[in-house]
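Here is a short report on one protein model. Look at the sequence and structure first, then read on.

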Amino acid sequence: MTTTFKSLASTVQLNNGLGMPVLGLGMYRAEPGASTQAAVLSALQLGYRHVDTAQFYGNEADCAEAVRASGIPKDQVWITSKIPPSAWSNPSTAYERTKAAVQLSLQRVGFPSIDLMLLHAPGAAEGRAEAWRALEDAHKQGVLRSIGVSNFGVGHLEKLASSASVNPAVNQIELHPWLQWRELVQHCKNKGIVVEVKIHVIYSIFRGCVAVAVMQLTNLTIFLHACRSPMHMHFLHAPTHFAAALHPCQARVHCMCHAAATGPLQLCNAGLQRLSTTSAAC
């Protein structure tokens, strides 16, 4: 048995039936303006079909403009954005401020809907349920095609579930061999929540089934033995989680994961087990 990711356009089915591209380009710390537009456009030309932005990043409009400039139909490109926890810091205004934040993102991207909107962090517990209710209502209205959370632990998810009418489709967390969150991952799996992996700076060294990757904001250096790319390595490490938001270089994306777009990526279960046991000992 193998785990296979056929291309950058491969999708994972969310609990609402939509297919989300398994690999995405994350725009954290990408400065607003022409350089970010060029980075996203380059990624789309390489085959990326998922762009991850946020209000906090300040580059929602640039990401959307790059999608338009690419000439790729919008229904073939998935956009994720996030609402900052400041929107629900005051419980008495949490619903209205989150609702207004959704409209702000829609205005910035200039599309009728956003594919996935996340609560960027757990934030204030008192206003969280109302913020989620605002996302639920926007989802029912069709302006948010999917809704989810980011940086939520098991306790946050359980508390949210006690008042929610819509289950989060996604929980975006940092996940790598040295931060595995096994209880959280299993909880999400049990509840039908896709774990979306975000990668900041990862130094991953495995022996045997070797993959060494150094990912930085300004460059990407890859040393390969068994794996074709750091994204491939990440999915081999955590084969049950199917989406990753990745950071581009500041000026332009240069052939990131190009090999992954050219053919199937596979590793046998024995290799997956070795990666798991090796990383658990670190």
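## A serine in a loop

Where does S146 lie? S146 sits in the loop between α4 (125-141) and β7 (147-150). Helices (H or I, at least four residues) and strands (E, at least two) are DSSP runs, numbered from the N terminus.

S146 is buried, with a relative accessible area of 0%. Buried means under 20% relative accessible area, with a 1.4 Å probe and protein chains only. Leaving aside neighbours within four places in sequence, S146 is in contact (heavy atoms within 4.5 Å) with residues including N16, W78, D115 and H139. The side chains of S146 and N16 are joined by a polar contact of 2.9 Å.

## About the model

This is a predicted model: local features need pLDDT of at least 70, side-chain atom pairs count only at pLDDT 80 or more, and totals for chains, interfaces and linings use all residues. Residues are numbered from 1 along each chain as its sequence is written, and side-chain values use heavy atoms, leaving out hydrogens and water.

## Two packed helices

Helix α1 (residues 34-46) packs against helix α2 (residues 60-70) at an angle of about 45°. Their axes are 8 Å apart. That angle makes α1 oblique to α2, because oblique covers what is left after under 35 degrees (roughly parallel), over 145 (roughly antiparallel) and 65 to 115 (roughly perpendicular).

Which residues of α1 meet α2? They are T36, Q37, V40, L41 and L44. On the α2 side are D62, C63, E65, A66, V67, A69 and S70.

## The whole protein

The protein has eight helices and 13 strands. Of its 282 residues, 52% are buried.

Key
Axes are lines fitted to C-alpha atoms, for helices over the stretch in contact, and angles run from 0 to 180 degrees between N-to-C directions. Buried means under 20% relative accessible area, exposed over 50%, partly exposed in between (1.4 Å probe, protein chains only). A polar contact is a pair of N or O atoms within 3.5 Å; within protein, one must be able to donate a hydrogen and the other to accept it, and residues adjacent in sequence count only if both atoms are side-chain atoms.
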